Amino acid sequence: MNLSLYFKKFFKSNQSSGIILIFCVLISLLIANSSAGEGFQHFLDQEVGIHLFHLTYPVSIWINDGLMAVFFLLVGLEIKREMVEGELSSFKNASLPIFAAVGGMLVPAIIYTFFNSGTEYSSGWGIPMATDIAFSLAIISMLGKRIPNSIKIFLAALAIVDDLGAILVIAIFYTEQIHWTYLLLSFGTAALLFLLNFLKVTRLIFYIIPGLFLWYFLHHSGIHATIAGVLLAFSIPTNASNVEISPLEKLEHQLHFPVSFLIMPIFALTNTNIAFTSEMVAGVTSTLGLGIICGLVLGKLVGINLFSLIAIKLKLSSLPQNSNWLQMVGVGLLAGIGFTMSIFIALLSFKDDIAIQDEAKFAILIASFLAAVLGFVILSVSSKQDMNAEEN
């Protein structure tokens with residue numbers, strides 16, 4: 001096959017972004033545990049930006065709060081499109097990710113508290129509540145068309161609600177100070193964006209510029225700025241027609257390649273920069289490690305599926321189209337990939353004790369790896385069962 005055609009086929013594949021992401025994780029771990037690790041961390045800690053507007057931050061902050069806001073913008077656009085014309089257009093389908101996310105936050109926090117109540121680790125109850133949306137979506141994308149699109153949309157919506165919940169937890173319980181002036185400016189800017197939508201303004205530039213201000217205000221308010229991407233996405237107009245390309249669909253199409261093959265790999269490369277120590281291993285069997293691992297792997301699985309089952313039995317929600325409970329189990333496990341958001345909460349929980357931070361990081365890494373492998377295997381098995389059922 002011609003080499004250029006091979007690369008075109010690779011980059012159009014659903015699985016390719018997930019493969020690149022995993023490759024970047026391995027490279028990052030190798031760098032962090034080599035002689036280049038210290039230099040790489042020094043690069044990530046370098047402050048760059050514009051002093052005039054108080055926009056001078058370490059490279060890692062620009063990636064996690066800046067580039068990832070663009071990732072959240074893309075996922076938000078996909079969710080809104082599905083709510084208007086796709087899998088989430090009915091209330092029963094749209095409500096299920098919300099119920100699932102609530103269960104996926106409460107049960108892990110309860111499990112962690114069961115292990116750590118009254119100990120020096122008790123403040124870390126928020127660690128297993130989070131889902132790393134980038135990594136979870138990358139793993140499920142590797143299954144391609146073997147998994148119904150409705151399951152992928154369900155996971156994306158669940159992860160967004162989950163992350164918004166985690167951001168609220170951080171803002172209320174882990175943020176030392178909220179800057180209310182900037183927060184009010186954020187509300188005002190968001191209101192302006194939705195007013196533009198109401199007035200049927202369709203030029204994207206009139207949304208992008210206020211969206212940048214929204215990110216700036218949210219970041220300075222003390223709240224995780226990635227939420228700006230979701231708010232901006234939900235303000236951009238779309239339509240229920242498949243004939244006319246809306247501003248939302250146009251922007252979604254423009255963002256797919258840079259997000260999948262630039263932003264997410266950079267995110268993986270810089271956030272898996274974890275240097276292993278002997279203390280980390282010892283922490284796995286402590287109540288801290290057990291609380292994190294059981295919370296992320298078992299807590300997410302039980303919480304998401306239990307609350308989904310209750311919502312469906314009460315006829316408040318329905319299963320995603322063409323899906324089954326085995327696939328829901330797989331999604332529940334993939335949601336246990338806490339990774340970067342969990343690590344961020346761990347750093348806030350134990351900011352005065354680096355040794356506990358390291359133990360928490362290693363437990364999160366193990367839990368996320370287990371959740372990813374188990375979720376992938378179960379979803380693969382479910383897809384084979386569906387294929388066999390169709391053949392019979």
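**Core, salt bridges and local features of the predicted model**

The largest nonpolar core has 114 residues. Within this core, Phe-71, Ile-140, Leu-158 and Ile-292 have the most contacts. Helix H7 (residues 149–174) supplies the largest share of the core, 15 residues. A nonpolar core is here a set of buried Ala, Val, Leu, Ile, Met, Phe, Trp, Tyr and Cys residues joined through side-chain atoms within 4.5 Å. Buried means under 20% relative accessible area, exposed over 50%, and partly exposed in between (1.4 Å probe, protein chains only). Helices (H or I, at least four residues) and strands (E, at least two) are DSSP runs, numbered from the N terminus. In soluble globular proteins, nonpolar side chains tend to be buried together.

The model is predicted: local features need pLDDT of at least 70, side-chain atom pairs count only at pLDDT 80 or more, and totals for chains, interfaces and linings use all residues. Residues are numbered from 1 along each chain as its sequence is written, and side-chain values use heavy atoms, with hydrogens and water left out.

Ile-140 was examined for contacts (heavy atoms within 4.5 Å). Neighbours within four places in sequence were left aside. The remaining partners of Ile-140 are Ile-147, Ile-151, Lys-152, Leu-155, Leu-334 and Leu-379.

The secondary structure of the protein chain comes to 16 helices and 2 strands. The chain has a radius of gyration of 21 Å, close to the 21 Å that the globule rule gives for 392 residues, so it is as compact as a globular protein of that length. The radius is taken over C-alpha atoms, and the rule is 2.2 Å times the number of residues to the power 0.38. Along its principal axes, the C-alpha trace spans about 65 × 60 × 55 Å. Buried residues make up 53% of the 392 residues. Among contacts with a separation of 6 or more, 80% join residues 24 or more positions apart. The accessible surface of the chain comes to about 18,500 Å². Carbon and sulfur atoms account for 69% of that surface. Accessible areas come from the Shrake-Rupley method with a 1.4 Å probe; for residues, only the protein chains shown count as cover.

The structure holds 3 salt bridges. A salt bridge is a side-chain nitrogen of Lys or Arg within 4 Å of a carboxyl oxygen of Asp or Glu. Side chains of opposite charge can pair when their charged atoms come close. Arg-81, Glu-82 and Glu-252 are linked in a network of salt bridges. In the pair of Glu-82 and Arg-81, the closest N and O atoms are 3.2 Å apart. Glu-82 is buried, with a relative accessible area of 6%. In the pair of Arg-81 and Glu-252, the closest N and O atoms are 2.6 Å apart. Arg-81 lies in helix H4 (residues 59–85) and Glu-252 in helix H11 (residues 247–271), so this pair ties together parts that are 171 residues apart in sequence. Glu-252 is also buried, at 6% relative accessibility.

Lys-300 and Asp-162 meet through their side chains in a salt bridge, at 2.4 Å from N to O. Lys-300 lies in helix H13 (residues 287–313) and Asp-162 in helix H7, so the pair ties together parts that are 138 residues apart in sequence. Both Lys-300 and Asp-162 are buried.

Helix H7 also holds Ser-150. This serine is buried, at 3% relative accessibility. The side chain of Ser-150 reaches the backbone oxygen of Gln-321 at 2.4 Å. Beyond neighbours within four places in sequence, Ser-150 is in contact with Glu-87, Pro-320, Gln-321 and Ser-323.

Tyr-57 lies in strand E2 (residues 55–58). Tyr-57 is buried, at 15% relative accessibility. The C-alpha atoms of Tyr-57 and Glu-47 are separated by 4.8 Å, although the two are 10 residues apart along the chain. With neighbours within four places in sequence left aside, the contacts of Tyr-57 include Trp-62, His-219 and His-220. The side chains of Tyr-57 and His-219 make a polar contact at 3.2 Å. A polar contact is a pair of N or O atoms within 3.5 Å; within protein, one must be able to donate a hydrogen and the other to accept it, and residues adjacent in sequence count only if both atoms are side-chain atoms.

Most residues other than glycine have a negative phi. Lys-315 has a positive phi of about 60°. Lys-315 is found in the loop between H13 and helix H14 (325–334), and is exposed at 62% relative accessibility. Phe-339 has a positive phi of about 40°. Phe-339 is found in helix H15 (residues 339–349), and is buried at 5% relative accessibility.
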